[in-house]
Amino acid sequence: MKKVSVLVLTIAGLIAFGSCGSKQQQQAATDDDSTSVEDLVPRDKTIYGICTEGTAMNTLEMITDSGDTLRLSLENAQENGKVFGGLQVSDRVAVVTDKESKEAQVVINLNTLMGDWVMPDPLDGSDEIGIRIKEGGVAESIDQSTIIYRTWKIFNGDLEILLVREGGGDEEEENRYEILTLGPDTLAYRTIGKPKDETETFEYSRWKEKPKVDLHGLELEDTNDEFNKI
């Protein structure tokens, strides 16, 4: 009887040990899986803030939206052509930094980015079409119905635009673009993450009101409203 009891207890212990080991392996597998999933989802590291008076040729000083003051070296960003739109005191900027928040990797002047951007219509070139980039992440189409822009944002130094295409119902399409140039009157960006035959480069100019002309093609001067009232 004693031998039988010992044998039963031994078997029960082995079963319990195996069960615990199985649970630990399952937990470890679950932890590994969750870590893998998190690694696959990119995190936006963009820092937003206001350019302040301490900004110099090779240094960006900014007050972040969370109230912190950062002084960042611009040398690497400048060498890589990743300072877009210039830097002016009081302008709002979007910045990607290194892990220590000591060096800027990408700097985008959001004041320069916002506005009306147009280019010749690719179909015939007779008209201008474009995109209106507004505060609050709002985007609108300019004189085009085939593409309806809805929103925009900066994600890790790139420009993301949400749009709807004609004939696509209400299906939203989010495209990511690498900013190539950004100046007072120029904006260019290129599609990221698509096959080569679907990659597009958009080159815009700042929209400017065209001068009025008469029937003979002569430019008309603006008249004084006071004279019009007489």
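Predicted model: local features only at pLDDT ≥ 70, side-chain atom pairs only at ≥ 80, totals over all residues.
How many bridges pair E5 with strand E6 (residues 104-109), and in which sense do the two run? The legends below start with the whole chain and reach that pair in the second view.

View 1. Residues are numbered from 1 along each chain as its sequence is written, and side-chain values use heavy atoms, with hydrogens and water left out. The protein chain has 4 helices and 14 strands; helices (H or I, at least four residues) and strands (E, at least two) are DSSP runs numbered from the N terminus. Average pLDDT (the predictor's confidence in each residue, from 0 to 100) is 84 for the protein chain, and 74% of the residues score at least 70. Over residues 226-230 pLDDT stays under 50, and the model has 1 contact beyond four places in sequence for that stretch; contact means heavy atoms within 4.5 Å. Of the 230 residues in the protein chain, 29% are buried, where buried means under 20% relative accessible area, exposed over 50%, and partly exposed in between (1.4 Å probe, protein chains only).

**View 2. Strand E5 and its two partners.** E5 and E6 pair in the antiparallel sense over 5 bridges; two strands count as paired if DSSP finds at least two bridges between them. Thr-97 stands opposite Ala-104 in E6. The hairpin of E5 and E6 has 6 residues between the strands, and Ser-101 takes a positive phi near 55° there. Strand E1 (residues 47-51) also runs antiparallel to E5, joined by 4 bridges, with Ile-47 opposite Val-95. Because 5 of the 6 residues of E5 are buried, the strand is largely enclosed by the rest of the structure.

**View 3. The E2-E3 hairpin and the faces of E3.** Strand E2 (residues 59-64) pairs with E3 in the antiparallel sense over 5 bridges, and Thr-59 stands opposite Ser-73. The hairpin leaves 4 residues between the strands, and Gly-67 in the turn has a positive phi of about 95°. In a regular strand the side chains alternate between the two faces of the sheet. Strand E3 (residues 69-73) has Leu-70 and Leu-72 on a covered face, while Thr-69, Arg-71 and Ser-73 sit on an uncovered one.

**View 4. The open sheet of 8 strands.** Pairing is antiparallel here, and the order reads E9-E8-E7-E14-E13-E12-E11-E10. Strand E9 (139-142) and strand E10 (147-155) stand at the edges with a single partner strand each, so one side of each has no neighbour in the sheet. From one strand to the next, the twist averages 30°. Zoom in on strand E12 (residues 173-182) and strand E13 (residues 186-192): they run antiparallel and 6 bridges join them. Tyr-177 has Thr-191 in E13 as its bridge partner.

**View 5. Two nonpolar cores.** A nonpolar core is a set of buried Ala, Val, Leu, Ile, Met, Phe, Trp, Tyr and Cys residues joined through side-chain atoms within 4.5 Å. The largest has 28 residues, and Ile-108, Leu-113, Ile-131, Trp-152, Leu-159, Tyr-189 and Tyr-204 touch the most other members. E10 supplies the largest share of this core, 4 residues. A second, separate core of 10 residues includes Met-62, Leu-72, Leu-74 and Val-95. Leaving out residues up to four places away in sequence, Ile-131 touches, among others, Trp-117, Ile-142, Tyr-149, Ile-161, Tyr-189 and Tyr-204.

**View 6. Thr-112 in helix H3.** Thr-112 lies in helix H3 (residues 110-113). Its relative accessible area is 12%, so Thr-112 counts as buried. Beyond four places in sequence, the contacts of Thr-112 are Gly-85, Trp-117, Leu-182, Gly-183, Pro-184 and Arg-206.

**View 7. Two loop residues with positive phi.** Most residues other than glycine have a negative phi. Ser-90, with phi near 85°, is in the loop between strand E4 (83-84) and strand E5 (92-97), and counts as exposed at 52% relative accessibility. Asp-143, with phi near 55°, is in the loop between E9 and E10, and is exposed at 65%.

Definitions and conventions
Axes fitted to C-alpha atoms, helices over the stretch in contact; angles between N-to-C directions.
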